[in-house]
Amino acid sequence: MVYRVVIVDDESYIADSTAILLESENEWEMEIQVFYSARQALKRIQGQKTDILIADIRMPEMDGLQLMDAVGRIWPMCQIILLTAHAQFDYVYQAIRQSSVDYVLKHDGYSALRAAVERAVARLNTSNLQQRLLMEAKAQAQAALPWLQREFFLELAHGVRYQAQDIARAREELNLPIDVEKPAYPLMLFIHQPAGSEALLERTQRMSAIALAAGSFLPQDARVATMQVDSRCLLWFWQFSEEMSSAKLEGMLEGIQAMVQSQLDTVISFVYSAHGVDWTRYEQVFNRLSALMTMRVMGGEKMWLLCADLEPLLGGEHQRVARAARWISAYRADDPNAQEELEGLLDQLRSMDSVHDMAYMHLYLQIAMSLAQVIQEMGLSPSEQAGLMPHKLYDAKAHNTPPEAADYLKWLSRRLIDLRRESAQDSMKALVGHVKGYILQHYDEDVSLNKLAGFVHVNASYLSRVFKQNTGENLLEYIRRVRLDKAKELLEKPSLRIHEVSEMLGFQNPAYFSFYFKKNMGMTPREYRDSISNG
């Protein structure tokens with residue numbers, strides 16, 4: 001973990017030497033910034049996260065205690081170390097009232113300061129931090145209720161089992177739109193427009209518009225839970241105050257289809273159950289609806305209205321559909337178990353007699369539709385898509401035998417996994433390249449971890465980890481090396497004075513630049529320049 005440390009002291013030699021000593025520590029990875037004014041430090045702290053603040057108590061304009069209070073309001077988890085030349089007990093009393101504050105006498109030396117830093121790091125990693133993070137996560141969860149509600153219902157649909165008390169707690173904590181302890185009518189809606197023809201925002205708006213259109217056909221007391229299964233499919237659970245007749249339910253669905261087609265220029269189809277089902281049967285019903293929808297979609301028909309209760313599945317189909325659903329879920333999550341689940345499905349496919357059997361057609365299309373969706377989501381180039389032989393994917397009868405079909409699907413699955421990994425690696429390399437380019441152009445400015453993370457729009461910890469994985473070098477070490485290389489290049493120009501070199505590299509104080517250079521090069525800038533002249 002990279003700890004962001006700010007050192008503030010109006011006596012520049014103390015601030016600079018403190019920074020040098022901390023930078024020489026190998027136990028912690030620290031990004032250190034030095035300021036000689038509390039107001040300057042506060043201005044910077046307001047714009048970036050700070051983990052540890054080391055500040056002199058006695059400073060002009062704003063003292064260390066005032067700075068401590070201001071920083072505490074901005075970054076409550078920031079650990080404070082106050083420095084003073086004298087044992088001022090009124091200051092000590094104010095400091096020790098907070099558990100995140102340490103008080104160090106300057107004449108006690110660096111060992112006392114190091115011990116205080118060690119305690120600060122320990123506090124940052126204690127269970128108190130975890131508890132506070134959990135509280136913050138709970139607050140964020142409240143803002144994410146719609147997403148959490150969707151995930152909860154999708155988990156039920158994919159077979160996650162809950163105890164009765166867990167269901168009751170979920171109903172209360174997630175403010176569920178339907179009462180899961182009462183039966184609900186399940187429906188799946190399919191949009192016939194190609195998913196790739198719309199941007200994400202347009203698709204989301206279309207889904208929302210369809211849901212609003214449906215609301216105008218439902219009774220006022222109806223309750224609805226809506227889940228987006230993928231870019232072309234919605235799963236609904238409808239709940240009514242009284243039992244709904246099959247004819248009335250079908251009439252509502254026909255009305256929704258007609259309205260969506262006329263008002264939104266969109267063709268939709270439904271698979272539904274005419275009976276309310278308990279939440280313990282959501283998985284069974286979801287698999288059944290999915291299977292029937294897949295078979296009808298691949299048939300090429302549009303604007304159908306299919307009652308699942310009147311469409312019996314073929315023998316053994318329930319088990320195959322359930323296993324296919326498990327594989328799809330694992331594959332999308334990049335779960336290591338996905339390959340094992342797929343092998344089981346392909347073994348069943350290989351065992352079938354003919355590519356003309358309905359059981360073969362259904363299982364093949366279950367797998368093929370999922371892989372086709374993955375291909376669309378990956379945004380592959382035309383040449384990459386052509387290399388996957390899509391004509392074989394979309395035609396279940398393009399294979400001579402079921403074993404041949406199984407071999408193709410296995411190869412395609414592995415190829416897609418390889419392409420996803422290659423894409424991720426290319427993205428990380430590009431990210432590192434952008435960061436390196438920025439550092440080379442702005443080495444004389446603020447190139448803190450936070451600034452770099454903001455430049456490439458990623459989390460700072462993630463950036464630090466990705467940089468190390470791709471280069472074998474810590475990001476802070478790379479920044480240090482770039483600055484040193486540039487310093488050596490500038491020092492080789494006799495016309496530039498050392499304080500001018502210091503300014504060109506972005507150092508506020510020439511003395512700190514000398515400390516920095518000697519620590520990393522083993523000699524002062526003056527000694528380095530002399531060695532060049534003598535060499």
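## Helix packing and burial

Helices α2 and α3 are roughly parallel to each other, because their axes cross at roughly 5°, and angles under 35 degrees count as roughly parallel. This is a predicted model. The axes of α2 (residues 38-47) and α3 (residues 64-74) come within 11 Å. On the α2 side, the contact is made by Ala38, Leu42, Ile45 and Gln46. On the α3 side, Leu67, Ala70, Val71 and Ile74 take part. By class, this contact has seven nonpolar residues, one polar and no charged.

Helix α18 (residues 449-456) and helix α19 (residues 460-471) have axes that come within 9 Å and cross at roughly 90°. That makes α18 roughly perpendicular to α19. Leu449, Asn450, Leu452, Ala453 and Val456 supply the α18 side of the contact. Ala460, Leu463 and Ser464 supply the α19 side. The residues of this contact divide into six nonpolar, two polar and no charged.

The two pairs are set out here.

Ser464 deserves a separate note. This serine is found in helix α19. Is Ser464 buried or exposed? Ser464 is buried, because its relative accessible area is 14% and the cut-off for burial is under 20%. Which residues does Ser464 touch, leaving aside its neighbours within four places in sequence? Ser464 is in contact with Val2, Glu29 and Leu449. Leu449 is also one of the α18 residues in the contact with α19.

Next comes helix α10. This helix covers residues 246-264 and has 19 residues. From its first C-alpha to its last, α10 reaches 26 Å, close to the 27 Å expected at 1.5 Å a residue. Which residues of α10 are buried? They are Leu249, Met252, Leu253, Gly255, Ile256, Gln257 and Val260. An α-helix has 3.6 residues a turn, so residues three or four places apart point the same way. In α10, Leu249, Met252 and Ile256 are among the buried residues.

What covers the buried residues of α10? The cover includes the strands β6 (185-191), β8 (233-239), β9 (268-272) and β10 (305-307). Helix α9 (200-215) is also part of that cover. Just after α10, Asp265 takes a positive phi of about 55°.

Ala211 lies in helix α9. With 29% relative accessibility, Ala211 counts as partly exposed. The C-alpha atoms of Ala211 and Val260 are separated by 9.7 Å. Along the chain, these two residues are 49 residues apart. Val260 is one of the buried residues of α10.

Now the cysteines. How many disulfides does the structure hold? The structure holds zero disulfides. Cys78 counts as buried, at 3% relative accessibility. Cys307 is buried too, with a relative accessible area of 11%.

Last, the protein as a whole. Its secondary structure comes to 23 helices and 10 strands. Of the 535 residues, 46% are buried. Among contacts between residues at least 6 apart in sequence, 68% join residues at least 24 apart.

How values were computed
Residues numbered from 1 in each chain as written. Predicted model: local features only at pLDDT ≥ 70, side-chain atom pairs only at ≥ 80, totals over all residues. Heavy atoms only, no water. Axes fitted to C-alpha atoms, helices over the stretch in contact; angles between N-to-C directions. Helix = DSSP H or I, 4+ residues; strand = E, 2+ residues; numbered from the N terminus. Parallel < 35°, antiparallel > 145°, perpendicular 65-115°, else oblique. Contact = heavy atoms within 4.5 Å. Nonpolar A, V, L, I, M, F, W, Y, C, P; charged D, E, K, R; others polar. Disulfide = S-S within 2.5 Å. Buried < 20%, exposed > 50% of the residue type's maximum accessible area, 1.4 Å probe, protein only. Expected span 1.5 Å × (residues − 1).
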